[in-house]
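This report looks at contacts between side chains. It takes charged pairs, ring pairs and charges over rings in turn.

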Amino acid sequence: MTKNIMIVGVGGQGSLLASKLLGHLLLSEGYDVKVSEVHGMSQRGGSVVTYVRYGEKVYSPIIDKGEADFIVSFEKLEAARYVEYLKKDGKIVVNTQEIDPMPVVAGAAYPENLIEKMQSLGIEVDAFDCLSLAEEAGSAKAVNIVLMGRLSRYFDIPVEKWEKAIGECVPEKFAEMNQKAFMMGRG
C-alpha cells in the first residue's frame, strides 16, 4: 500500500531538504520512493510543494486531492491552502509560524484561527512552534528538521535511523545542530 506525504511551505524554508531527508530514510528502509518537487514562485517567497510517496511499488510521484496521509507544513496558511489533499483520516503537522503572503504584504489581513478552522473540519492537527525550537537548537533555518522530528513520532522507524539519515543529508558542520533540532521536534 502506498503512503503519501505532502511537504508544503514558502520558498527558502528548507522544504526540499526535508523531502530529500525523508526520501533518503524511506529508501534505506527498503521502500520504493518517489519524490516530486513543485516550485511555484519559491525564489520570491511563494508556495513550495513536495510530494513524497512510498510503498512496495510506487508508479507516480504525484499526490491527488484526498490522498495525503500527512501534510507537513512550514506555515499555517500553507497547511490551510492544501487541506483538500488530506485523506479523511490524515494528519497535519504544522509550524504555527505566520509568513505573510503577497496579498497580506499588499494590505490584506492574514486569515485568523486557521488551526481551529481545520480542527473544526474534523482534521487532526499537530501544531507547534517550530521556529522557537529551531532557534533554541542553534538556527532558525532548522525549522525543517524540527518538523521532521515531529513527523517521526508517527512512524515505526527507530530514532537512530532518522539520525543516521540526517547525518547523511546535511553538511557535517551542521549535523550536530540538526540532530538537536530533530530531537526537540520529536519532543
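## Exposure and the model

A residue counts as buried under 20% relative accessible area, as exposed over 50%, and as partly exposed in between. Tyr 154, with a relative accessible area of 29%, is therefore partly exposed. The structure is a predicted model.

## Salt bridges

Side chains of opposite charge can pair when their charged atoms come close. Ten salt bridges are found in the whole structure. One of them joins Lys 65 and Glu 84, with N and O 3.7 Å apart. Lys 65 is in the loop between β3 (47-55) and β4 (68-73), and Glu 84 is in the loop between α2 (76-81) and β5 (86-95), so this bridge ties together parts that are 19 residues apart in sequence. Lys 65 is exposed at 52% relative accessible area, while Glu 84 is partly exposed at 46%.

Another salt bridge connects the side chains of Lys 87 and Asp 69, at 3.0 Å from N to O. Because Lys 87 belongs to strand β5 and Asp 69 to strand β4, the pair ties together parts 18 residues apart in sequence. Asp 69 is buried, with a relative accessibility of 11%.

Lys 164 and Glu 168 also form a salt bridge, and their closest N and O atoms are 3.0 Å apart. Both residues are in helix α7 (residues 159-169); they are four residues apart, so about one helical turn separates them. Lys 164 is exposed at 54%, and Glu 168 is partly exposed at 44%.

## Aromatic pairs

There are seven aromatic pairs. Among them, Tyr 31 and Tyr 54 are edge-to-face, with centres 5.0 Å apart and 75 degrees between the planes. Tyr 31 sits in the loop between α1 (15-28) and β2 (32-38) and Tyr 54 in strand β3, 23 residues apart. Tyr 31 is partly exposed at 35%, whereas Tyr 54 is buried at 8%.

Phe 70 and Tyr 154 make a tilted pair, 5.6 Å centre to centre with 50 degrees between the planes. This pair links distant parts of the chain: Phe 70 is in strand β4 and Tyr 154 in the loop between α6 (143-152) and α7, 84 residues apart. Phe 70 is buried at 11%. Ring pairs join Tyr 31, Tyr 54, Phe 70, Tyr 154, Phe 155, Trp 162 and Phe 182 into a cluster.

## Charges over rings

The charged end of Lys 57 sits over the ring of Tyr 59, at 5.8 Å from the ring centre. Arg 150 lies over the face of Phe 128, 4.0 Å from the ring centre.

Terms used. Residues are numbered from 1 along each chain as its sequence is written. This is a predicted model: local features need pLDDT of at least 70, side-chain atom pairs count only at pLDDT 80 or more; totals for chains, interfaces and linings use all residues. Side-chain values use heavy atoms; hydrogens and water are left out. A salt bridge is a side-chain nitrogen of Lys or Arg within 4 Å of a carboxyl oxygen of Asp or Glu. Helices (H or I, at least four residues) and strands (E, at least two) are DSSP runs, numbered from the N terminus. Buried means under 20% relative accessible area, exposed over 50%, partly exposed in between (1.4 Å probe, protein chains only). Rings of Phe, Tyr and Trp (its six-membered ring) pair if their centres lie within 6.5 Å; planes under 30 degrees apart count as stacked, over 60 as edge-to-face and the rest as tilted. A charge sits over a ring if NZ of Lys or CZ of Arg is within 6 Å of the ring centre and within 35 degrees of the ring normal.
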